[in-house]
Amino acid sequence: MSTFTELTGDYQLDNARTTLGFIARHTMSSRVTGHFDEFEGRVHLDGAEPSKSSVRFTVRAASIDTGNLRRDEQLRGAFLDVESHPAITFASTGIRQLGGTRFEVAGDLTIRGVTNAVRGIVVELVDTAASRVAFAGSVTIDRHQWGVNQNFATRLMVSSKVILRFAVEAAAGR
């Protein structure tokens, strides 16, 4: 495994080896898990000065998949309004090394046309090999900050807290 200082360069997400997922709690403490199937993104790594590193990605909101077609259609419509807001985007605004292979990322997340700052995204470099890097991490957001809600009943029945999880693999120079 290479050290972070050896990884300076531009990388493109490998969609076949990347997972962008989420977990939301429903009433009675059940959990709904899901992921997005269509996305693109780029990572710039600066091994000498990690604070100069950056990440950007765009997710096609309609590609949401929870394994339940009826629920997915409800999420695409009333919750995400994919007709009016087809993309979810993230652009980092700061990256700092916490130590070793752990980093804290801050950035602007746009959902339903609403952009909010997200801080405290803890990311770990989990693997490097032959011009490839892999990172994993998660953050908890409050979906109400982005207007991701259907009505009063769902506001009560579905937790406002959503865990965003990701396992990202990217290839250099693509």
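## Helix 1

On the face of helix 1 that is turned away from its buried side sit the exposed residues L69 and R70; exposed means over 50% relative accessible area, buried under 20%, and partly exposed in between (1.4 Å probe, protein chains only). This is a predicted model, in which local features need pLDDT of at least 70, side-chain atom pairs count only at pLDDT 80 or more, and totals for chains, interfaces and linings use all residues. Residues are numbered from 1 along each chain as its sequence is written, and side-chain values use heavy atoms, with hydrogens and water left out.

Helix 1 covers residues 69-79, and its buried residues are D72, L75, R76 and F79. They lie on the same side of helix 1 because they cover an arc of only 125 degrees around the axis. At the start of the helix, a side-chain oxygen of N68 comes to within 3.1 Å of the backbone nitrogen of R70. After helix 1 comes D81, with a positive phi near 45 degrees.

## Paired strands

Strand 4 (residues 39-45) and strand 5 (residues 54-60) run antiparallel and are joined by six bridges. Here G41 has F57 of strand 5 as its bridge partner. Strand 5 also pairs with strand 7 (residues 87-99), again in the antiparallel sense, over five bridges. In this pairing, R60 stands opposite A87 of strand 7.

## The nonpolar core

The largest nonpolar core has 41 residues, and those touching the most other members are L45, L80, L109, I111, I121, V133 and I141. Leaving aside neighbours within four places in sequence, V133 is in contact (heavy atoms within 4.5 Å) with residues including L7, Y11, L45 and V168.

Definitions and conventions. Helices (H or I, at least four residues) and strands (E, at least two) are DSSP runs, numbered from the N terminus. The arc is that of the directions from the helix axis to the C-beta atoms. A polar contact is a pair of N or O atoms within 3.5 Å; within protein, one must be able to donate a hydrogen and the other to accept it, and residues adjacent in sequence count only if both atoms are side-chain atoms. Two strands pair if DSSP finds at least two bridges between them. A nonpolar core is a set of buried Ala, Val, Leu, Ile, Met, Phe, Trp, Tyr and Cys residues joined through side-chain atoms within 4.5 Å.
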